[in-house]
Amino acid sequence: QVQLVESGGGLVQPGGSLRLSCAASGSFFSIPAMGWYRQAPGKQRELVATITMGGTTNTADSVKGRFTISRDNAKNTVYLQMNSLKPEDTAVYYCNLGIVVGVSEYAYWGQGTQVTVSS
């Protein structure tokens, strides 16, 4: 069984910063892929950033230069550093991990953490 725990969301003023984290625990072999997605009210869930086990990243154009994804393989944790936050960044943020259990890889989602950017 695999558990994901997200933390770090909250209310921040425009221009502020937040750091999200998502930690995986349980019985698994490895986590090849880690990523963050977000969903704003009335909108579809969208990709924010992904990172491979080797550290290769992919970041959405809307957050490029402001958000940075990173991972700590020893802690099975992925982070999202969010700087220069804008009101349009307001959304529920979800981590998504591709986890190898046995010989298969499964996609796991975190419970979501609310990020609200408002003055």
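Is Asp61 buried or exposed? At 68% relative accessibility, Asp61 counts as exposed. Here buried means under 20% relative accessible area, exposed means over 50%, and partly exposed lies in between (1.4 Å probe, protein chains only).

The model is predicted: local features need pLDDT of at least 70, side-chain atom pairs count only at pLDDT 80 or more, and totals for chains, interfaces and linings use all residues. Residues are numbered from 1 along each chain as its sequence is written, and side-chain values use heavy atoms, with hydrogens and water left out.

The chain contains 11 strands and zero helices. Both kinds of element are DSSP runs, numbered from the N terminus: helices are H or I with at least four residues, and strands are E with at least two. Read along the sequence, the pattern is β-β-β-β-β-β-β-β-β-β-β. The radius of gyration is 14 Å, close to the 14 Å that the globule rule gives for 119 residues, so the chain is as compact as a globular protein of that length. This radius is taken over C-alpha atoms, and the globule rule is 2.2 Å times the number of residues to the power 0.38. Along its principal axes, the C-alpha trace spans about 45 × 25 × 25 Å.

Buried residues make up 40% of the 119 residues. The chain exposes about 6300 Å². Carbon and sulfur atoms supply 49% of that area. Accessible areas come from the Shrake-Rupley method with a 1.4 Å probe; for residues, only the protein chains shown count as cover. Among contacts with a separation of 6 or more, 55% come from residues 24 or more positions apart. A contact means heavy atoms within 4.5 Å.

Four strands form an open sheet in the order β1-β3-β8-β7, with antiparallel pairing. Two strands pair if DSSP finds at least two bridges between them. The edge strands are β1 (2–7) and β7 (67–72), and each pairs on one side only. From one strand to the next, the twist averages 15°. For such angles, axes are lines fitted to C-alpha atoms, for helices over the stretch in contact, and values run from 0 to 180 degrees between N-to-C directions.

Within this sheet, β1 and β3 (residues 18–26) are joined in the antiparallel sense over six bridges. Val2 stands opposite Gly26 in β3. Ser7 stands opposite Ser21 in β3. Strand β3 also pairs with β8, again antiparallel and over six bridges. There, Leu18 faces Met82 in β8. In a regular strand the side chains alternate between the two faces of the sheet.

Strand β4 has antiparallel partners too. It pairs with β9 over eight bridges, and Tyr37 stands opposite Tyr94 in β9. Strand β4 also pairs with β5 (residues 46–52) in the antiparallel sense, over six bridges. The bridge partner of Ala33 in β5 is Thr52. The hairpin of β4 and β5 has six residues between the strands, and in it Gly42 takes a positive phi near 80°.

The structure holds four salt bridges. A salt bridge is a side-chain nitrogen of Lys or Arg within 4 Å of a carboxyl oxygen of Asp or Glu. One of them joins Asp89 and Arg38 (3.0 Å, N to O). This pair links distant parts of the chain, 51 residues apart. Asp89 lies in the loop between β8 (77–82) and β9 (91–101), whereas Arg38 lies in strand β4 (residues 30–39). Asp89 is buried, with a relative accessible area of 1%. Arg38 is buried as well, at 7%.

Arg38 also meets Glu46 in a salt bridge (2.7 Å, N to O). Glu46 is partly exposed, with a relative accessible area of 35%. Another salt bridge involves Lys64 and Asp61, whose closest N and O atoms are 3.2 Å apart. Lys64 counts as exposed at 52% relative accessibility, and Asp61 counts as exposed at 68%. Salt bridges that share partners join Arg38, Glu46, Arg66 and Asp89 into one network.
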